[in-house]
Amino acid sequence: MKLIDRVRAKALSIWPTLFQPVDIASLVFFRVSFGLLLVVEVWRYFEYGWIRKFYIEPQFHFTYYGFGWVQPWPGSGMYVLFSILGLSALCVMLGLLYRLASVLFFLSFTYVFLLDQARYLNHFYLISVISFLMMFVPAHRSFSLDVLLNKNLRAKTAPRWALWILRAQLGLMYVFAGLAKINADWLRGSPMREMLARNVSLPLVGKYFTDERVVMLFAYGGLLLDLFVVPFLLWRKTRYFALAATVGFHVMNHFLFNIGIFPFFAIAGTLLFLAPDWPRRLFGRRTRIESEKPAGPPKKIRKVEQPYSRAAVILLAVHFGLQLLLPLRHHLYPGDVNWTDEGQRFAWRMMLRAKQANGRFVATDRFTGQRRMIYPAQYLHREQVATMWIQPDMILQFAHFAAEDVRRREGWHGVAINAAVTARLNGRRGQAFVDPQVNLAAEKRSLAPAKWILPLTEPLPVPH
């Protein structure tokens, strides 16, 4: 009980400091960067025809467990949804109707994110969780159209918690990404070896990417950066060294790997770890607000802040509780998570595998013995097919869809779906991925371990 009392006393002593003011400048810079990057991303979906390709043309979408009700809007609805997404991102950037825009952006982006597991990317997940936090952050109270329309909103400060919830989210991403790299494959240079080998054609530097020393430098450098970048950014003596290393790391990733807007988004987020007034100092605008020196709690904090705080604390506590638990859930499943994919998503397990797979589905009428091949390309676009073969839960979901489709088209009443899949992980030789004898149409979707995933037995090859 004494320990609990001490923890409670410590928490109560920290609580008032969460409402102490810090300069709002870095939050404003992040708001503008966040909105701008997402406006660009939405524009790319219109420009390259990705809305039709990914959400309208496919006959089937791989919904997340428990979110089968999330479906593409019919007709031209997806263009409307992306228009709402782009408009809300623009309003966040400009600080126009910010509270409404931030809510609309979170809801519309997360809806799109949940439409298809084949489109899962860690940075899309990061955008979703950051946009959730942005709904609470008063980043519109300076350098915004809202302030021009209502000068009573103008403020040079924001409560400390508004800055720290974003720092905490980004910090968790970095730390869990680093912890995930402490595995046998990564420590032996895979899949970094395979990823760098794809860039040997780059001028000047490409010829070095097959050198084992360079491979290990990238592998261990990435691991150490993820693990230690947050404390180094928070410590003044190492802050600018850590910032330079992080910016260099993300710029290099942009040129070497096709990971969209993530490097720029990560750089914008990393700048939140600097002193909160850094944009003012950068542009030569002095302020009397000291970066993060306690300035005492605002007056009437109980009357003004507490009702909002209580609701916010509950939501944010649930959010960060999930953020701490989800990356650890793969320990509840047997086998190598990079092979089984059980616990892979929502865990900041970034660039940990080079995995390829291919296979075939066979449908059988259990009463007549009739058989027919199922061709996923008839229903899915190419990226969906490629992703499906490496994700067991997506293989199962498509098997259920295929069984229902055959039942409807052929009139079979006892449909069995079997899959023969061969997969390769991090340069290993190919091996069977799922049990071809199991009728996947009879297996239920659940969060429990899938017994029909075959264990990884192929050893990691020794580099030459």
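Select Phe34, Val92, Tyr98, Ser102, Phe105, Ser131 and Met134, and you will have picked out the lining of the second largest cavity, where a cavity is a set of points on a 1 Å grid over the protein atoms alone at which a 1.4 Å probe fits but cannot get out, and a lining residue has an atom within 4 Å of a point. The volume of this second largest cavity is about 30 Å³, a volume being the space filled by probe spheres set on the points, with grid points joined across faces, edges and corners. Before you go on, note that this is a predicted model, in which local features need pLDDT of at least 70, side-chain atom pairs count only at pLDDT 80 or more, and totals for chains, interfaces and linings use all residues. Residues are numbered from 1 along each chain as its sequence is written, and side-chain values use heavy atoms, with hydrogens and water left out.

Stay with the second largest cavity and colour helices H5 and H6, each of which supplies at least two residues of its lining; helices (H or I, at least four residues) and strands (E, at least two) are DSSP runs, numbered from the N terminus. The largest share, 3 residues, comes from H5. By class this lining divides into 5 nonpolar, 2 polar and no charged residues, where Ala, Val, Leu, Ile, Met, Phe, Trp, Tyr, Cys and Pro count as nonpolar, Asp, Glu, Lys and Arg as charged, and the others, Gly among them, as polar.

To find the largest cavity, select Leu38, Glu41, Val42, Tyr45, Tyr55, Phe82, Leu85, Phe109, Val112, Phe113, Arg119 and Phe124, which line it. Helix H2 (25-47), helix H4 (77-94) and H5 are the elements that give two or more residues to this lining, and H2 gives the most, with 4 residues. The lining of the largest cavity has 10 nonpolar, no polar and 2 charged residues.

Next, go to Leu97, which lies in the loop between H4 and H5. Leu97 has a positive phi of about 50 degrees although it is not a glycine. Most residues other than glycine have a negative phi, and most peptide bonds are trans. Is Leu97 buried or exposed? Leu97 is exposed, with a relative accessible area of 53%, where buried means under 20% relative accessible area, exposed over 50%, and partly exposed in between (1.4 Å probe, protein chains only).

Now select Ser190 and Pro191, whose peptide bond is cis, with omega near 10 degrees. Pro191 sits in the loop between helix H9 (184-187) and helix H10 (192-197).

Move on to helix H11 (residues 212-234), which has 23 residues and reaches 33 Å from its first C-alpha to its last, close to the 33 Å expected at 1.5 Å a residue; the expected span is 1.5 Å times one less than the number of residues. Look at Phe228 in H11, where a kink of about 50 degrees lies shortly before the proline Pro231, the bend at a residue being the angle between axes fitted to the seven residues ending there and the seven starting there. Among the buried residues of H11 are Val214, Phe218, Asp226 and Leu233.

For the next stop, select Phe346, in the loop between helix H17 (337-340) and strand S3. Phe346 has a positive phi of about 60 degrees although it is not a glycine, and at 19% relative accessibility it counts as buried.

Strand S3 (residues 355-365) is joined to strand S4 (residues 371-374) by 4 bridges, and Val362 stands opposite Met373 in S4. S3 and S4 form a hairpin with 5 residues between them, and Gly369 in the turn has a positive phi of about 85 degrees. Finally, highlight strand S5 (residues 415-425), which 11 bridges join to S3, and find Lys355 opposite Leu425 in S5.

Methods
Pairing = 2+ DSSP bridges. 1 Å grid on protein atoms, 1.4 Å probe; cavity = no way out; pocket = protein on both sides within 12 Å on 5 of 7 lines; lining within 4 Å.
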